[in-house]
Amino acid sequence: MTEPLFLKPVLQEKIWGGNHLKTVFGYDIPSDHTGELWAISAHSHGPSTILNGPYAGKTLNEVWDSNREVFGNVKGDVFPLLTKILDANQDLSVQVHPDDAYAMEHEHELGKTECWYVISAEPGAELIYGHHAKTREELAEMIHDEKWDALFTHVPVKAGDFFYVPSGTIHAIGSGVMVLETQQSSDTTYRVYDFDRVDATTGKKRDLHIQQSIDVTNVPNVVPKLDIKTQMIGDAKVTSFVKTPFFSVYEWLITNGSATFERTIAPYTLVSVLKGEGQIEVDGKVFDLKMGMHFILPNEVKKWTITGNMQIIASEPGEKA
């Protein structure tokens, strides 16, 4: 397989979602409460469909199961990564995700370490990112007593920011924020607090997961230190945001130029075009790129050249993926 695998994403309606996936990216959304676009996904709750080449019409998980050579014959029961775009028209629930060990025991799937590249943020927008409890007993007490203002850490946010969110981190994306999220392929979320919202369909408040949240939250909270590095590759400004055991995430910023990339260690690469348009050349073939396209560069693609005027977020699986 020596061409990109272009993917048809899956759209998910959410109580907190909006319509920016249509107004900004042009996606055909199911309603004005569309919160998530699962761009590159092999998860059973929303697998992407391959649009081109010999695997056209198959889902990503089907190709992972039957044609592992596309991904460098790496081991693992499930495709390990999931890329999303989230549109928070309202605040997301305050939540926390388990690590692999807890998730496998209790949910029978991977844990969920994730990260966010902030695509856009309205003036005054913020995140909840961490907490102030010093012990697990204090955490439990503050949750049971609903001392939300004292418990949660609020952080201002703007376009271009990057946040690493390891499993066990209490967090919430605030209203007016759109992010590209790179995460482990997991759909396990434990809600700590949901602003007492009522689901329009059921007429009831959404379930909380208080004990699980207390079990899995990192105490005390530790804010990860990022070692963000930038280099030039051809005409591309390449920013390395994070390298973790689960994934590495990069920005490729190309302004009216071209850059040639070569595969090093990673068995495959996930790519999302956030802005602009251009082309990618692989093995003598040229493919047009535009804003909102998502694709995988499979293992046999060892070198590729990108030309144009684009902002791209790319990711690779880490050693634990």
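The following dialogue examines how several structural terms apply to this predicted model.

Guide: Local features in this predicted model require pLDDT of at least 70 and side-chain atom pairs pLDDT 80 or more, while totals for chains, interfaces and linings use all residues. Residues are numbered from 1 along each chain as its sequence is written, and side-chain values use heavy atoms, with hydrogens and water left out.

Visitor: Why is His 131 called buried?

Guide: The relative accessible area of His 131 is 4%. Buried means under 20%, exposed over 50% and partly exposed in between, with a 1.4 Å probe and protein chains only; His 131 is therefore buried.

Visitor: Why is the pair of Trp 64 and Phe 79 called edge-to-face?

Guide: Their ring centres are 5.4 Å apart and their planes stand at 85 degrees. Rings of Phe, Tyr and Trp (its six-membered ring) pair if their centres lie within 6.5 Å; planes under 30 degrees apart count as stacked, over 60 as edge-to-face and the rest as tilted. The pair is therefore edge-to-face.

Visitor: How do you know that Trp 64 and Phe 79 are buried?

Guide: Trp 64 has a relative accessible area of 1%, so Trp 64 is buried; Phe 79, at 2%, is therefore buried as well.

Visitor: What makes the pair of Tyr 193 and Phe 195 tilted?

Guide: The angle between the planes is 55 degrees, with 5.0 Å centre to centre, and the pair is tilted. Tyr 193 is buried, because its relative accessible area is 16%, whereas Phe 195 has 31% and is therefore partly exposed.

Visitor: How do you know that E5 and E12 pair?

Guide: Strand E5 (residues 81-88) and strand E12 (residues 177-184) share eight bridges in the antiparallel sense. Two strands pair if DSSP finds at least two bridges between them, strands (E, at least two residues) and helices (H or I, at least four) being DSSP runs numbered from the N terminus. One of the bridges joins Leu 86 to Val 179 in E12.
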